[in-house]
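Subject: Handing over a structure

Hello,

Here is the structure I promised to pass on to you. Please have a look at it, and then read on for what turned up.

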Amino acid sequence: MVPLWMYLLVSAALFCIGAYGVLSRRNAVAILMSVELMLNAVNINLVAFWRYLTPQNMSGQAFAAFVFVIAAAEAAVGLAIIISVYRNRRSVVVEDVNLLKG
Amino acid sequence: MLELNAQSIGFLIFSAFTIGGGLGVVSSRNLIHGALYLILSLFGAAGLFVLLSAEFLAAVQVLVYIGAIAILIIFAVMLTRSLTRLGEVFNKQWWLSALVAIGMFVLILVGVILPVFSGMDTSGVSPNVATTIDLGVALVDGNQYVLPFEVASILLTAAMIGAIVIARDNE
Amino acid sequence: MECTDIINTLAACLEVSGTDPGLAQFIQILLGVVIVTMAPLIVVILLIWVERKFAARVQDRIGPNRVGPYGLLQTIADALKLIIKEDITPAGADRLIYNLAPIISVVSVVLIWAVIPFSPIHIGVDLSIGALYFVAVGSIGTLAIMMAGWSSNNKYALLGAFRVVAQLVSYEVPMVFALLVPVLIAGSMSMQGIVEAQRGMWFVILSPVAALIFFISTQAETGRAPFDLIEAESELVAGFNIEYSGMKFGLFFAGEFVHVFTNALLMASLFFGGWVGPAVDQVPALGFIYVVLKAAIFYLFSLLLRNTLPRVRIDQLMAFNWKFLVPVSIVNVIVVAFLLQVVRALGLAPSAELSNDFIANLPQAIVLLVGSLAIVIYVLQQLRNFGRQERLSQQTVTVRKEDEVDMLPAQAAH
């Protein structure tokens, strides 16, 4: 079997890649995709810890299932907002959405 | 050194998919390519779930993420035609973001991974794993996760209604 | 392990003759994979011939009859023609995605065959989440069509891809709800478990509504008439695959044909007992015949639908799904789940040792059947009211039009 820390390494790398995408991309859809990457990294972490530490207890898998729910809800609302913004501003670049900025 | 067997080779391939796909998502200029990289990454994660004996989550990952979320994203990319209007991919603080991401990685490395680092030793891992049926029971068991489960269903309904209201044409 | 059945115990047979155990295991798995993936690709040759003959009979033609006896070799001739045709990639196409799409399209269908049980012992792999697995890999097919439509750099292809998202993603919802019913009754998501649970009684008797909804929504999933808005020759020229030529087009084509037959197999396994039949425990190979015969009936039925029904409009398609199929399927799941609990509370459910007995299953079946009947009657009632309203509103529209026509000459006279 592959040791636990390898899974955690993959998950940590994926999380940081996602974080970099969220902080640096200009396109709102790309930011949303990066958020999905981060959620996935969290899921890998949860399932890996579950498998190696408490395989009899369902907490890890149950939490991962809830992360799926959150991700689905987040994607639906996020994309709705992006489409709504695009309709009003003709742009999906987050820097252009600055009407509230003083 | 990592012993080469079906599991470890699978792990290497799927982690390469996951990380490579992730890098593709944040770096690709064409957003459709980005979405396809995202699918590659999600597929790799599904493979990792299978290796971790969480088959149910793997199937849900393919169904929900690849079958629904990724396709929704591709759809949104096509609707907003954003790939043609893209000048700069990254904003002005990209180097700062890279610094933050690398810093975070080091932090996780020291804070989370080092404490559980065990070399190649996996002898303490129990071979008995709870099944999908246990997961199903846990989600509706009054002593375990029935309340979060119900809250999650309400959240999904609220998100669905919210998405429809936000995206609807005003006329 | 004993060396009895060549497919299931090949590893044991090889070990007997002195092969390394690890290698023997690997060869056995490899052989299984090859058989399971080749089967649909060979079956498709016959399927195309059946379909062309059937369509010809419906349209009062003879159909292929030149190549081979009864035109049986026509498909092989066509495949040869497709292979030697020029392979065109349109200018401005996204090369990698364009070439990947047809492969993914076929693979997403072939992967489903891994969990279809053909006999008590012959199944690719009996996953504990088989029912969920085939929905999951099936949803990859949507992605393939999206990729094809987008990468072709053609507006008709893109329009086809847009329709795909609307249609396939929507019709997945009632399909999954209908699928929940056999899973609920069998208490298992494994395909083999679902078929085993039908030894006493087929699930179609317990929930005909679910079977019907599953059939309609899988029909829509294949994207064929009356739900062929994805291709819609007269509107979109050919939809997502307009730019494809040669064997790449052939792969989409083959994928579609296999998909129809795969859906028929799933229908037979989930609702019509799969390989269950007389003497199947003594001679497992009979299971192949039973399940394929059952599937053939649904295959021919979907061919009949394809060749006799006109295409629906996109708004009708969506309205039919979201305003009719989805509510009915949700109500059906709730009713079945409720009645199953009632049956168990009253002790009418067959006990474990009697679950293979037809008579022991009867009380449960009658209760569930009454529930289904109530749903059907209520839905028909609602449809009748709706139809009456529609007719009334249409009548008033025509009356008003006649008034206008009457007024016109009068105005001219002034």
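B:Ser53 sits in the loop between helix H2 (31-51) and helix H3 (55-80) of chain B; helices here are DSSP runs of H or I with at least four residues, numbered from the N terminus. Before going further, please note that this is a predicted model, in which local features need pLDDT of at least 70, side-chain atom pairs count only at pLDDT 80 or more, and totals for chains, interfaces and linings use all residues. Residues are numbered from 1 along each chain as its sequence is written, while chains are lettered from A and ligands numbered from 1 in the order in which they are written.

Although B:Ser53 is not a glycine, its phi is positive, about 55°. B:Ser53 counts as partly exposed because it has 18 C-beta neighbours inside 10 Å (buried means 20 or more other C-beta atoms within 10 Å, exposed 12 or fewer, partly exposed in between, with C-beta atoms placed from the backbone).

Chain C has a residue of this kind too: C:Asp60, not a glycine either, has a positive phi near 60°. C:Asp60 is found in the loop between helix H2 (21-58) and helix H3 (74-84) of chain C. With 6 other C-beta atoms within 10 Å, C:Asp60 is exposed.

Now to the interface: 63 residues of chain A are in contact with 78 residues of chain B (contact means C-beta atoms, placed from the backbone, within 7 Å). On the chain A side, helices H1 (4-24), H2 (28-53) and H3 (59-89) each supply at least two residues. The largest share, 20 residues, comes from H3(A).

Happy exploring!

How values were computed:
Two residues are in contact if their C-beta atoms, placed from the backbone, lie within 7 Å.
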